[in-house]
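Hi there,

Here is the structure I promised to pass on to you. Have a look at it first, and then read my notes below.

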Amino acid sequence: MHPNPVFRRSERDQNIAFAQNRAFGTLCVAGETPLLSHIPFLLSDDGSLAEFHLVRSNPIARVGETNAVIAVTGPDGYVSPDWYGADQQVPTWNYVAVHLRGRLVPLEQDALHDILVRQAADYEARIEGKAPWTFDKMTPEVIAKMERMIVPMRLEVETIDGTWKLGQNKDDPMREAAAAQMHTGFGQELAEIAKLMGEPPA
């Protein structure tokens with residue numbers, strides 16, 4: 001997380017909603033070497049629990065109970081100093097990121113199917129105008145074969161930290177001038193990062 005407190009003013013509920021909406025992050029575990037895995041997940045409404053699954057052959061699946069972080073990233077973009085309309089500025093990068101930090105806990109295998117059903121239902125419901133896919137479209141034999149290859153996990157979330165680096169260290173006219181130029185640059189979801197720059201967390 002960025003150490004500057006001006007970028008750390010997002011409320012817990014705002015960070016939870018962001019992570020729930022993204023529903024995808026990087027699971028990070030410290031071992032002899034850092035272990036990383038990119039995962040879809042479900043985050044509870046109170047932010048206390050993230051549920052997901054891993055391929056059984058994933059090294060993280062064999063670590064056991066341990067401390068872990070899920071890093072959830074959002075829109076980001078390069079900011080040219082020319083866009084501020086002021087002298088003596090330097091290049092930077094604006095972005096949003098939320099870290100879910102806590103205890104990684106392997107679950108019993110019989111918890112897997114329920115997690116998969118709820119994940120599919122959550123993600124399918126976000127596709128406008130589509131009849132949701134369900135596990136009824138698969139035979140029990142195929143489901144059982146697939147589920148033998150993956151394992152259920154959860155992160156018992158202890159802390160949630162958000163960095164919303166949106167130019168809050170600049171005065172409003174400078175930040176808004178840069179936001180108006182973001183679409184001409186490069187990064188991810190430039191329209192969204194520009195919108196957030198116009199309305200950063202207070």
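Let's start with a term you will need: a residue is called buried when its relative accessible area is under 20%, exposed when that area is over 50%, and partly exposed in between, using a 1.4 Å probe and protein chains only. By that rule, arginine 118 is partly exposed, because its relative accessibility is 30%.

Some background before we go on. This is a predicted model, in which local features need pLDDT of at least 70 and side-chain atom pairs count only at pLDDT 80 or more, while totals for chains, interfaces and linings use all residues. Residues are numbered from 1 along each chain as its sequence is written, and side-chain values use heavy atoms, with hydrogens and water left out.

Now to the strands. Helices (H or I, at least four residues) and strands (E, at least two) are DSSP runs, numbered from the N terminus, and two strands pair if DSSP finds at least two bridges between them. Strand 6 (residues 92–106) pairs with strand 5 (residues 66–79) in the antiparallel sense, over 12 bridges. To see one of these contacts, find alanine 68, whose bridge partner in strand 6 is glycine 102. Strand 6 also runs antiparallel to strand 7 (residues 150–165), and 12 bridges join the two. Here you can look for proline 106, which stands opposite methionine 153 in strand 7.

Next, the charged pairs. Side chains of opposite charge can pair when their charged atoms come close. A salt bridge here is a side-chain nitrogen of Lys or Arg within 4 Å of a carboxyl oxygen of Asp or Glu, and the structure holds 9 of them.

One of them joins glutamate 51 to arginine 118, with the closest N and O atoms 2.9 Å apart. Glutamate 51 belongs to strand 4 (residues 49–55) and arginine 118 to helix 2 (residues 112–124), so this pair ties together parts that are 67 residues apart in sequence. Glutamate 51 counts as buried because its relative accessibility is 15%. Glu51 and Arg118 are also linked with Asp114 in a network of salt bridges.

Here are two further salt bridges to find:

- Aspartate 122 pairs with arginine 126, their closest N and O atoms being 2.9 Å apart. Aspartate 122 is partly exposed at 29%, and arginine 126 is partly exposed at 40%.
- Arginine 154 pairs with glutamate 156, with 2.9 Å between the closest N and O atoms. Arginine 154 is partly exposed at 28%, and glutamate 156 is partly exposed at 31%.

Enjoy exploring!

Best wishes
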